[in-house]
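Visitor: I have a two-chain model open and would like to talk through how the chains meet. Could you take a look with me?

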Amino acid sequence: MNGKGLLKGLSVTAKRFFDSYLEDVRWLGKKATPEKIAFRSSKDARGTFTVQFPEEKLPVPEEFRYIPFLVYDEAEGSKEIRCTSCGICAKVCPPQCIWIVRTNDPETGKPVPQPAEFYIDADICMNCGLCAEYCPFDAIKMDHDYEIASYHRNVFNLEKLMKPASYYAEIRPHNNQREEEARAAKAAAKAAAAAAKAE
Amino acid sequence: MATPTLTETLDLSAKFPGAVTADARPGYTGWIVEAGKLLEVAAFLRDEMGYDLLSSVTGVDYLPDEKMEVVYQAYKTTGGPGIFFKVQAPRLDPIEVPSVVPIWPGADLQEREIWDLYGVKFTGHPDLRRILTWEGFSGHPMRKDWKEAFYEEDAKPFKSRWPEGRIKMAEERNPFGDNVTFDEGFDPEKWTSNDPEEALYTSLKKYTAETSDGIKTDHILVNMGPQHPSTHGVFRAVVILDGETVVSLKPVMGYLHRNHEKIGERNTFLQNMPYTDRLDYFNSMSNNWGYALAVEKLMGVAVPERAEYIRVIMAELSRIQNHLIWTGMMLNDLGAYFTPALYAFEERELILDIFEAVAGSRMMCNYFRFGGLARDLPEGTLEKIKDLVFDRLAAKVDEFDRLLTENEILVARLKGISKLSPEDAVAYSMTGPVLRAAGVPYDIRRAEPYGIYDRFDFDVVTQTDGDMYARYLVRLEEMRQSLRILRQAIAGLPEGPIITGKPQYQVRVPAGEAYGRIEAPKGELGYYVISNGKPNPWRYHVRAPSFINLTALEKMCVGGKIADFVAILGTIDIVLGELDR
Ligand code: SF4
Ligand code: SF4
């Protein structure tokens, strides 16, 4: 009991204390510039780790997942939803918060591959991402927009859920590119098969 | 990999003719023991065969066969595969099975859980009360014929979502105040436990007002919690004090109970994966692994090399951030208000950045799939991991060492307090750092390696004192060992696929049972899964280290000061999400 251990510990605290001021001075007046944020999440990060939310925000990585949305392709002014109401997402969803009403052709009564209604109970959704992972049509994807706090229940309907493919490409460029390549390859294979048949 | 057994070398049925038979159901292993002989067989296994660690006790309801089963998994602390044995009882009330608490005191809380959730009466149990549900609860919720309020179907997916598409919000299905059922004539508004001394308090050691020197003294009963800053959640300890000395103590839990296992049996196999994240929410990567391991055993699917390496990397990063936070929070419990905790949070922040980039979420990772992983490491992530492992974390662990290890106040608060002998630690089924701090070199990564842990060089960290300081030292050194494993894993990481076969949302799981267990940062995390060939597990049980490590809480506290209780609870390292399930 001579206080040596205590002093040793306090030297760590003192170093930390000065570091935080040095870093403050270094980034003086700069809000969350990309360099500052990159530094903060690098192996050399020192000083204050926190950012002043909401003025400063940390960027989210591509794989970040929050409540899903439905992708539509923009074609000549109309919105072409990719979803075929196959129901896989509703079946795989662990808390069962996806509700899909299928469309029936008014004349024949046969099902049409398009949802009439599509609901996600966003307050039940556990953001697991399984729906997006297993949708065979790249029609449902996880969003990056995490600021959905509200005074009411968040049950998202089709209108609220639909977002353009360009938005998807923006938030998940790598994934989007991979999927587009896969789709193009598939279409090419199909065309080749059709051509082979026609001959 | 088949479920390990010793069927070949140990023939219990020859040793106990008529009383023990081999479990011949397809996909099952182990032995079925007659209830009357259970204690004799258990004593034989412990004393003569060396199965000193009772890892897990599980109830299973075989409703179609009108049978209730209790499954025991025992291991040797010297390592190697374990032994499964089971007791079956007809499903008629009362269902009675002898308690194994006299042989393995570690069964205490687990048998109470089975009584609570399955209604199996353990004769000879010293204190058989409900544990996770409250005293006024009606029925035994894990029984297959017990339906929750607003029960919809036995198994997901529910048809109402698709193809029917009837839109109903949760609150329409679940109006407040209307979602619990009570025993007939039971009015929750008027109910008070008829005699509060009766249930809980009589389980504490009886106290008498003593008269010494003509001065009357009395023991005091104190409720710590359920809202107490020391408990890291809603947890309550009822303590009897003689002055400041703890005479007797009982943990009260279940405030966060959500019947995780019942939900698990409604879910499909895959749907359980994100739910496991919510057990020990500090270590979702480890939680995922334990569950994946159990289901992979049932499916008999192999994991590609690259996925195995990434699994190790994620699990060890998870262990480091868990131990860092533990150290910080432990110091909070001792009164070093938040300085070490926030230092720890900085490193954890960087590790969680990696989890977020890889898995999409900082804490709810949901990253493992049966036979592999959800996705490969995104571009740039491996560099970040290397940066941390090679250039930062080792120095930071050393910094913690400098900051704390020799600090005289810390040493005075931790050294020599709450000693647990190795014999007691094993008897009470303690696992993880607490067991190793007591001097038992038992680490599942070494004792029964899973994944590819047999390829790595690392030391099983032990201490001999068994006190709180030893638990601190074990965790500090374990971080260094984890870094050692990480360096090897990063060096060995091969290219290749990250999942076997095509990703599937509906996996086919052959009928049978499997127990998958891993060395989670808090101790042995096990999943006991039974499939009957359907898309949903018939039984899904979690052996939670936080829960079972509390069995010895009383032992660790009695005789000590009440002020140390807070720190003792801290050194066990509990997370309520896993404890209450
Ligand atoms: S979002 Fe995808 S998985 Fe869901 S119904 Fe539409 S097409 Fe099927
Ligand atoms: S993210 Fe998960 S919980 Fe949310 S809708 Fe998709 S599958 Fe369901």
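Visitor: Which residue of chain B forms a salt bridge with Glu63(A)?

Guide: This is a predicted model, and in it Glu63(A) forms a salt bridge with Arg375(B), with the closest N and O atoms 3.3 Å apart.

Visitor: And how many salt bridges are there between chain A and chain B?

Guide: The count between the two chains is eight salt bridges, and there are also 27 residue pairs in polar contact, counting pairs in which both residues have a pLDDT of 80 or more.

Visitor: Which element of chain A gives the most to the side that touches chain B?

Guide: That is helix H1(A), with eight residues, while helix H3, strand E3, strand E4 and helix H4 of chain A each supply at least two residues as well. By residue type, the side of chain A that touches chain B divides into 27 nonpolar, twelve polar and 14 charged residues.

Visitor: What area is buried between chain A and chain B?

Guide: About 4800 Å² is buried between them, and carbon and sulfur atoms give 57% of that area. Arg16(A), Lys43(A) and Trp99(A) supply 17% of what chain A buries against chain B, which is more than any other three residues.

Visitor: Changing topic, is H15(B) mostly covered or mostly uncovered?

Guide: H15(B) is mostly covered, since 18 of its 25 residues are buried.

Visitor: What should its 25 residues span?

Guide: At 1.5 Å a residue, helix H15 of chain B (residues 468–492) should span 36 Å, and because its end C-alpha atoms are 36 Å apart, the model agrees with that expectation.

Conventions. Residues are numbered from 1 along each chain as its sequence is written. Chains are lettered from A and ligands numbered from 1 in the order in which they are written. This is a predicted model: local features need pLDDT of at least 70, side-chain atom pairs count only at pLDDT 80 or more; totals for chains, interfaces and linings use all residues. Side-chain values use heavy atoms; hydrogens and water are left out. Buried area is the accessible area (1.4 Å probe) that two parts lose on being put together, summed over both. A salt bridge is a side-chain nitrogen of Lys or Arg within 4 Å of a carboxyl oxygen of Asp or Glu. A polar contact is a pair of N or O atoms within 3.5 Å; within protein, one must be able to donate a hydrogen and the other to accept it, and residues adjacent in sequence count only if both atoms are side-chain atoms. Helices (H or I, at least four residues) and strands (E, at least two) are DSSP runs, numbered from the N terminus. Ala, Val, Leu, Ile, Met, Phe, Trp, Tyr, Cys and Pro count as nonpolar, Asp, Glu, Lys and Arg as charged, and the others, Gly among them, as polar. The expected span of a helix is 1.5 Å times one less than its number of residues. Buried means under 20% relative accessible area, exposed over 50%, partly exposed in between (1.4 Å probe, protein chains only).
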